[in-house]
Amino acid sequence: MPEVNPELQRMASHALEKAEDAHLSIIDLKRDVQLISQELSFLKTFSRRLLDILKLQYKLDDEGLNELIRQTEGAALKLEEKAGSGVAPLCQSCHRPLQQDSATCIYCGAPRSSQDFERPLGATK
Ligand SMILES: [Zn+2]
């Protein structure tokens with residue numbers, strides 16, 4: 001029986017511990033993703049119902065509904081600009097404010113470019 005290097009043994013057990021921690025983190029993350037998926041699916045259904053109600057209430061067709069959504073988004077954007085979050089750069093693809101800690105636009109999924117970090121809100125390129 002060859003003698004086991006105690007330093008190697010220590011490193012191996014440390015690596016095993018780290019692997020177990022990582023495994024537990026992955027299980028936690030999987031559960032989080034599952035919860036978020038459920039919530040998204042609920043929100044999707046809920047939003048569809050709200051849009052149906054809007055269409056009925058205002059007697060809109062799909063085009064009218066889209067126009068209403070565009071107007072609402074425009075008004076919301078103006079409010080955000082007025083609130084002067086000041087530092088939030090805009091997505092180059094959909095021109096909505098980017099989240100500081102997100103690598104992609106939360107609205108359209110476009111990846112943010114490095115200039116986005118420097119360009120302040122309202123600045124024209
Ligand atoms: Zn976007």
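Author: Helices are DSSP runs of H or I with at least four residues, numbered from the N terminus. The model discussed here is predicted.

Reader: How many helices and strands are there in the protein?

Author: Strands are likewise DSSP runs, of at least two residues. On that basis the protein has zero strands, and its helices number two.

Reader: What distance separates the end C-alpha atoms of helix 1?

Author: Helix 1 covers residues 6–58, which is 53 residues. At 1.5 Å a residue it should span 78 Å, and the distance in the model agrees with this. The end C-alpha atoms are apart by 77 Å.

Reader: Of the residues of helix 1, what number is buried?

Author: A residue is buried if 20 or more other C-beta atoms lie within 10 Å of its own. Helix 1 lies largely in the open, because the number of its 53 residues that are buried is zero.

Reader: Where is H95 found, and does it count as buried or exposed?

Author: H95 is found in the segment after helix 2. Its phi is positive, about 65°, although H95 is not a glycine. Since it has 11 C-beta neighbours inside 10 Å, H95 counts as exposed.

How values were computed. Residues numbered from 1 in each chain as written. Predicted model: local features only at pLDDT ≥ 70, side-chain atom pairs only at ≥ 80, totals over all residues. Expected span 1.5 Å × (residues − 1). Buried ≥ 20, exposed ≤ 12 C-beta atoms within 10 Å, placed from the backbone.
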